[in-house]
Amino acid sequence: MSSRMRRRAVNVAMTALCALGLLVALVPLASVLWLVVSKGIRGLNLDFFTQLPTPVGEAGGGVGNAILGSLYIVGIASAIGVPLGVGAGVYLAERGGGRAGDVIRFTAEVLSGVPSIIVGIVAYGLVVLPMRRFSALAGGVGLAVLMVPTLARSTEELVRLVPRHLREASLALGVSEWRTSLRVVLRTALGGILTAILLAVARASGETAPLLFTSLNNQYWNWRADQPTASLTVQIFNYAVSPYEDWHNKAWSAALVLLLLVGALSLVARFLARSRFGAQR
Amino acid sequence: MQRASDILTVRKPGRLSRIAAPVRANVPDKAWAAVLTVLGMAVLAVAAVIIVELWRLSSGVLARTGVLSFIVESNWDVVRDLYGALPFIYGTLITSCVALVLAVPVSVGLALFLTEMAPPGVRSIVSFPIALLAGIPSVVYGLWGLFVLVPLLRGHVEPWLAATLGFLPFFRGPPIGLGYLAAGVILAIMILPTITSIAIEVLRTVPLALREAALALGATRWETIRMAVLPYARAGIMGATILGLGRALGETMAVTMLIGNSPTISSSLFSPGYSLPAVIANEFAEASGGLHTGALAALGLILFAVTLLLNVAARMLVRISRRGPARVAA
Amino acid sequence: MIRPQARPKVEVQDLNAWFRGVHALRGVTLSVPANTVLAIIGPSGCGKSTFVRCINRMHELVPGAHQSGHILVDGKDLHARGVDPVDLRRRVGMVFQRANPFPTMSILDNVVAGLKLNGIRGNHAEIAETSLRQAALWDEVKDRLHTSALSLSGGQQQRLCIARALAIGPEVLLMDEPASALDPIATAKIEELIRELREQLTIVIVTHNMQQAARVSDATAFFYMGELVEHGPTEQIFTNPKESRTEDYVTGKFG
């Protein structure tokens, strides 16, 4: 029955091929992680975290200002993006039933696919041009624009998960709508929303493109929102495309720091999601 | 389970209950509703702002040269203020095509493996590394690409391709490593998690009854997939592919670092080129305002429009597929 | 009519089956003579579906499933070395509770799906017509063979599935509550089908509808909690059952 054997052979071959897909997917991941860790860890020392970058050729120095700058810019972005995004999500969940809600929901879904470089152009026009300078604020605005759509969608889903009977019980006891929304519904969904916020912040921390011509870069410490500011991601980019091997090494170390930062945020987010603060059933 | 009384402050007895009180306009509730509505509008505002800014910055250049001739012009000469979008559109399309050709079979195969072939626990274990892949920042992929992928391509892959498939125009020219192929490969790696996770979602909606129908006729597992599962999931997988394409088109940093930054058009995958996001990333900061900035913004507008359309198409496809080609009869 | 002297088509010997830790079938032994219809009755969860799925080896596809005992078709053990389940399912066909035609295929393509799959040569169009006639569906669909299978009504879709199963020429047909989702008229058509098909095939039908079992089958087996409680000629099971549990079930005291 060679037809039967042929069919069996095809079955085995396709299974093997698909399993190969798993390998193909995992090898680059393993390689990236391995290299970032092995090449990056050599340069990690206290100076790396606390010092300013040194000129080319000079040993030592660090990316302290870039780490701080990233936190600063992401902080500004969160201050703008989180209230807007979460608020929009609550709106969609509580009052988003009609046509307007549909339009907003659709817009949020589609906006979440906007390339991050476009967001940089928008922030340039909105903030850099009027202020006539590059600034951390511009970078923050750009990242905020990225955060709002995804936060809105996640928040909406999470708030919708809160069982109706909780809201109804509260209303039936004579509690006003806004109090019900805040203290009953949102409090129940809080864990999930915190998770979503952390994940959005993690994603924003890893962005480079929106910062390239908004917050630009800075060789020094910067505490002012209206000045160009260093960031970890832009620093990695600059170091990587430079012709200097010393800077290449620094790029790997900075990449390791970035992965640790993003990873830590994501881990906390997932830990939150599973803990007792997570979405309750 | 939480009880409502745990959460609320119950009114003290003795105060007039709401029912007996005179009916007043409930200001706090109205204020709350207004606040929420404003926040909801924020999303629309964001969308409006994006479109307005892009248009404002680019309209000067587009008015001068006209949209169509801007698109087909292949010269990009900053010194002489000559701007054309063609090399970047070409580069973006080519690298995305390479990425799709590489990523889609692997993603769909992986999704099939995880949903149809592997023991049930494997899927939940593997979802973690896939999520990891998706979370690595683009600039880190670029870094890895520069120092691992490019030497690999230059030293081994491209010479091999030139030797075996060199009769094709795609594999001619000096293998320098940087170029369309490198950018395409890194894009493939980056869009793989996107396509895979949506494909998995889509495959899981295929009803068990269809698989059983094929099995009962004597189908092998692969034949079941081919006959019952894939046709059903066709639309959704296409949607996943288009979403992956959308992501590839807009990807900036990794491509910027690997594509070679040459505003030219070439049929060979080994040559350096440029993409829409890459040129914006490289030149925008130094653009001195005026036509150069306007041209870059115009490129951004083109990119925005294309990714928007693709995104809409993709999400519609995924939505259609969730409902099934039509429900299997009750 | 039972011809006890003929070799049984299907023999089940001390069959035990488990899935997900549940002991679904306990020591079932029975045989089905060729060209007869066996009805399997019993309350929900008694193991009826599990039983028929063992006969075409679809039970082993359930996670955590395993079984012991023997099932023989034409004297050959289904689990003997060298028996390919894929091959077996050509000879032992199955029709499911809910019609499951392939939604992306036309009516004709559905019917010949099994033929193409198994590489069966011959005039597919002719075989399709024969099967559709056997399933009493030909007259209703002969003018629209290339339209989507989903354009048919529920009852028609189920007959289409029967035609699809018949097309590959099985010797045994397993039917797992084939009419439970259908209206009375469609049900009646399927029951008539079963009576006619008996000439060519051996049929095992699971049903929760006792009247249907009485109308359609030659022999009946009553299952309860995984055990085969009683098995005998249909008339005897329904008018003069030997076991009290059987009597309680067929008189409607439970189930």
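**Rings and a chain contact**

Let's start in chain B of this predicted model, where B:Trp76, B:Tyr83, B:Phe88 and B:Tyr274 form one aromatic cluster. Rings of Phe, Tyr and Trp (its six-membered ring) pair if their centres lie within 6.5 Å; planes under 30 degrees apart are stacked, over 60 edge-to-face, and the rest tilted. By that rule there are 16 aromatic pairs over all chains. Take A:Tyr124 and B:Phe284: their ring centres are 4.7 Å apart and their planes stand at 90°, so this pair is edge-to-face. The pair crosses between chains, with A:Tyr124 in helix H5 (residues 116-131) of chain A and B:Phe284 in the loop between helices H11 (276-283) and H12 (291-322) of chain B. Helices here are DSSP runs (H or I, at least four residues), numbered from the N terminus. Both residues are buried, meaning under 20% relative accessible area (1.4 Å probe, protein chains only).

Now for where chains B and C meet. The contact (heavy atoms within 4.5 Å) takes 24 residues from chain B and 26 from chain C. What holds a charge pair there? The rule finds one salt bridge across this interface: B:Glu212 and C:Arg53 meet through their side chains at 2.8 Å, N to O. The cut-off is a side-chain nitrogen of Lys or Arg within 4 Å of a carboxyl oxygen of Asp or Glu. On the chain B side, helix H8 (208-216) and helix H9 (221-250) each supply at least two residues that touch chain C.

A few ground rules: residues are numbered from 1 along each chain as its sequence is written, and chains are lettered from A in the order written. Local features need pLDDT of at least 70, side-chain atom pairs 80 or more, while totals for chains, interfaces and linings use all residues, and side-chain values use heavy atoms, without hydrogens or water.

Terms used
Buried means under 20% relative accessible area, exposed over 50%, partly exposed in between (1.4 Å probe, protein chains only).
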